[in-house]
Amino acid sequence: MARTLIKNGTVISPTGLSPADVLIDGETIAALGAHGFFDAAEQGADTVIDAAGKYVIPGGIDVHTHMELPFGGTFASDTFETGSRAAAWGGVTTIVDMAVQRTGESVQEGLADWHRKADGECAIDYAFHQIIGGVDDESLKAMRYLTEHEGVTSFKLFMAYPGVFYSDDGQILRAMQTAAECGAMIMMHAENGIAIDVLIAQALARGETDPRYHAATRPSPLEAEATHRAIVLSHVAGNVPLYIVHMSAGDALEEVAAARHDGRNVFAETCPQYLWLTLEETLQRPGFEGAKWVCSTPLRSPHDHRNHQADLWRGLRTNELAVVSTDHCPFCMKDQKELGLGDFSKIPNGIGGVEHRMELLYQGVATGQLTLERWVETCCTTPARMFGMYPKKGVIAPGADADVVIWDPDRQTTIGIDAKHHMQMDYSAYEGFVVDGKVDTVLSRGTVLIADDAYVGRKGHGRFVERGLSQYLV
Ligand code: URP
Ligand code: ZN
Ligand code: ZN
């Protein structure tokens, strides 16, 4: 079995930085030692990587992606092959994608379909959450089965998109009760979809059809109200663990903070788009260009009734926000976003970004908004703990999978189409961004995927990860 020695780097964990060499035996981290402790020849290392001046971190874990998601009459444009390869380029070694049960379809069929899409295609390891698009007796039974037998222990429900993925409060309560009984996590798309649909109809009736009205019809109080309601329902359902996805609003974050202050198992994630992009610079661009940034929850303005971005950065520092994911859901402008020309409500919702999360969050380190430890914690370690993959994933320690990223703090990353990003999208939401730090080397279970600015991995290397229950509960 191949042995690899990573020498002279600085290993980062949520609890600190340590100068250490990392010895890898096959697919697993064998040992850590002080610089120079291991002799490469004595250890039989066939590969030696010099990480002097660089950081050595656990592979990134993106717990919210949508490869090939069916949405708005089309499909998210990255396949598991293209999306997982782009993820590897960005220092991600595990994704957790959202398998879909569409209304009227069985949960097991939806999951089997997702296995078929991903099997043999992925460059990196992958796991699944299950979207429950129709809560009924059958799907509740299936939730229990998936948790106990399929390694799928988290279920996403939608308070938005009536007629598509939407669950009403009664359905949500029943799904939460089932999850509480079997120890699963409920993930919530928290927006009041019924009220939003009224605002959308009113806007369209006034002739407000441009992408900018996407945000205007999804104001932050409707995110906060839904977040509050989800928290109340989770309480009534026996304190089921609740994880609010793609949080964009400071007022919604306040609801999570209050629940956490009460010692509740309520968590939230945000995404790089909410930390770095503003309404004015994106959705409000003239004409149809704003469609590039149509996603839900929407991007918000720093000049709203509060500065949401500042709230989110603070929440990340204080652990009111535990995780950063991308909600990677790419659609091309041509033929996809264009479905909403003349009617913003028909623009497929989603932004692609699986390739850029690590560097966009490292930019938070570079600008003094986040510590190195917190960068690793929110992007690597907590995602593994939150979703039952720790300590196999999310940590550089003996016995863990050798998912390792060597990070060069002295280089920069340019993002965009012009910089030839690797996602299957004809635009970038971050076009022209130049940020500090760059992926140097990526190893997945001991195999090098990225080195010397080249991809040397292969499709099919990635394996399905059966997850356990959350290891992050209070
Ligand atoms: O706009 C988004 N977020 N698209 C992906 C689906 C979802 O709601 O996460
Ligand atoms: Zn969602
Ligand atoms: Zn999503």
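This is a predicted model: local features need pLDDT of at least 70, side-chain atom pairs count only at pLDDT 80 or more; totals for chains, interfaces and linings use all residues.
The largest nonpolar core has 136 residues. Within this core, the residues with the most contacts are I186, M188, Y243 and W375. Helix α12, which spans residues 372-386, gives the most to the core, namely seven residues. In soluble globular proteins, nonpolar side chains tend to be buried together.

Y243 shows what such a position touches. With neighbours within four places in sequence left aside, Y243 is in contact with M185, I186, M187 and M188, and also with V63, F267, E269, V323, M386 and F387.

The zinc ion (ligand 3) is coordinated through NE2 of H64, NE2 of H66 and OD of D327, at 1.9 to 2.1 Å. Along the chain these donors follow the spacing H-x1-H-x260-D. Another zinc ion (ligand 2) is 4.0 Å from the zinc ion (ligand 3). H64 belongs to strand β6 (residues 60-65), while D327 is in the loop between β15 (323-324) and α11 (357-366), so the pair ties together parts that are 263 residues apart in sequence.

Why is the arrangement around the zinc ion (ligand 3) irregular? The four donor atoms subtend angles of 89 to 136°, and a tetrahedral assignment would need all angles between 85 and 135 degrees.

Are H64 and D327 buried or exposed? H64 has 0% relative accessibility and so counts as buried. D327, at 8% relative accessibility, also counts as buried, because the cut-off for buried is under 20%.

Definitions and conventions: Residues are numbered from 1 along each chain as its sequence is written. Chains are lettered from A and ligands numbered from 1 in the order in which they are written. Side-chain values use heavy atoms; hydrogens and water are left out. A nonpolar core is a set of buried Ala, Val, Leu, Ile, Met, Phe, Trp, Tyr and Cys residues joined through side-chain atoms within 4.5 Å. Buried means under 20% relative accessible area, exposed over 50%, partly exposed in between (1.4 Å probe, protein chains only). Helices (H or I, at least four residues) and strands (E, at least two) are DSSP runs, numbered from the N terminus. Contact means heavy atoms within 4.5 Å. Donors are N, O and S atoms within 2.8 Å of the metal (3.2 Å for Na, K and Ca); water is not among the atoms, so sites may look incomplete. Four donors count as tetrahedral if all angles lie between 85 and 135 degrees; four count as square planar and six as octahedral if opposite donors are over 155 degrees apart and all others between 65 and 115; anything else is irregular.
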